[in-house]
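Hello,

Here is the model I promised to pass on. Please have it open while you read my notes.

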Amino acid sequence: MDQPALFDLDPDDAATPHTDAAVPDWSRRVGVFDLETTGIDVTGDRVVTAHVGVLDGTGAVVQAQDWLADPGVEIPDAAAAVHGVTTEYARAHGRPAADVVAEVTAALRALFEAGVPVVAYNAPYDFSLLAHECRRHGVAEIARPEPVIDPLVLDKALDRYRRGKRTLTAVAAHYAVALEDAHEAASDAVAAGRVALALAQRYATALPASAVELHTRQIGWARDQAESLTEYFVRIGRIDPADTLDGSWPIRART
């Protein structure tokens, strides 16, 4: 399969300042990334579908690629009910998982090397699962994905006391971003990217212009959010006081 132009980006173009001084420079162009998988265990579950793309500052899709993998294991009915891909369909139409994992990783690496920030909603899930898939299939992983933009972390930090769910569907609706096919990798990735751009517009003065600086701030925000959620779960008896939620970001600590 020919690699798309997505894999051959110009770092100088990515670094060009935004023409609109009212919004952060990083919002001129963002990568987007999402996985749909066999389950929610980042160490043991597998990639089923993936999307990597690029949006311009208006949220328009300018580059994109989708993948369908045969994960090599049964896709549980519960997972298939979410993303619509059954074991039979993946076996008939999916490509070898090792090839898909290698190509998705290469696409992301190209974006990072070009200085393009990659948006991923709840980034530690997608990047951690992909890292474990890389180890499983002998693919060189991206040990330190950077810069990453996680709209979930940003939304919690910038609108901390808003009531309601923080799922992608709920947050997209809050920022008036269309999400027509939730739990479809391309739709989720693009919606997350547009939510990030909406956040850049709404909170321009609170966000750094540099994607690298924003990445660093999110590390601290994610840690603080995990600590706060841990305290809440302990208080309501959901977890034991000796337990803590993993606040490492954008990739979970190795297990």
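First, some housekeeping. This is a predicted model, in which local features need pLDDT of at least 70 and side-chain atom pairs count only at pLDDT 80 or more, while totals for chains, interfaces and linings use all residues. Residues are numbered from 1 along each chain as its sequence is written, and side-chain values use heavy atoms, with hydrogens and water left out.

The pair is H4 (residues 97-113) and H5 (residues 123-137), whose axes come within 10 Å and cross at roughly 125 degrees. Helices here are DSSP runs of H or I with at least four residues, and strands are E runs of at least two, numbered from the N terminus. Axes are lines fitted to C-alpha atoms, for helices over the stretch in contact, with angles from 0 to 180 degrees between N-to-C directions.

Which residues of H4 and H5 meet? On the H4 side they are Ala97, Ala98, Val101, Val104, Thr105, Leu108 and Phe112, and on the H5 side Phe127, Leu130, Glu133, Cys134 and His137; contact means heavy atoms within 4.5 Å.

As for H5 itself, 12 of its 15 residues are buried, so H5 is largely enclosed by the rest of the structure. Buried means under 20% relative accessible area (1.4 Å probe, protein chains only). The buried residues include Tyr125, Asp126 and His132. Among the elements covering them are strand E1 (29-37), strand E2 (47-56) and H4. Just after H5, Gly138 takes a positive phi of about 70 degrees.

Best wishes

Definitions and conventions:
Buried means under 20% relative accessible area, exposed over 50%, partly exposed in between (1.4 Å probe, protein chains only).
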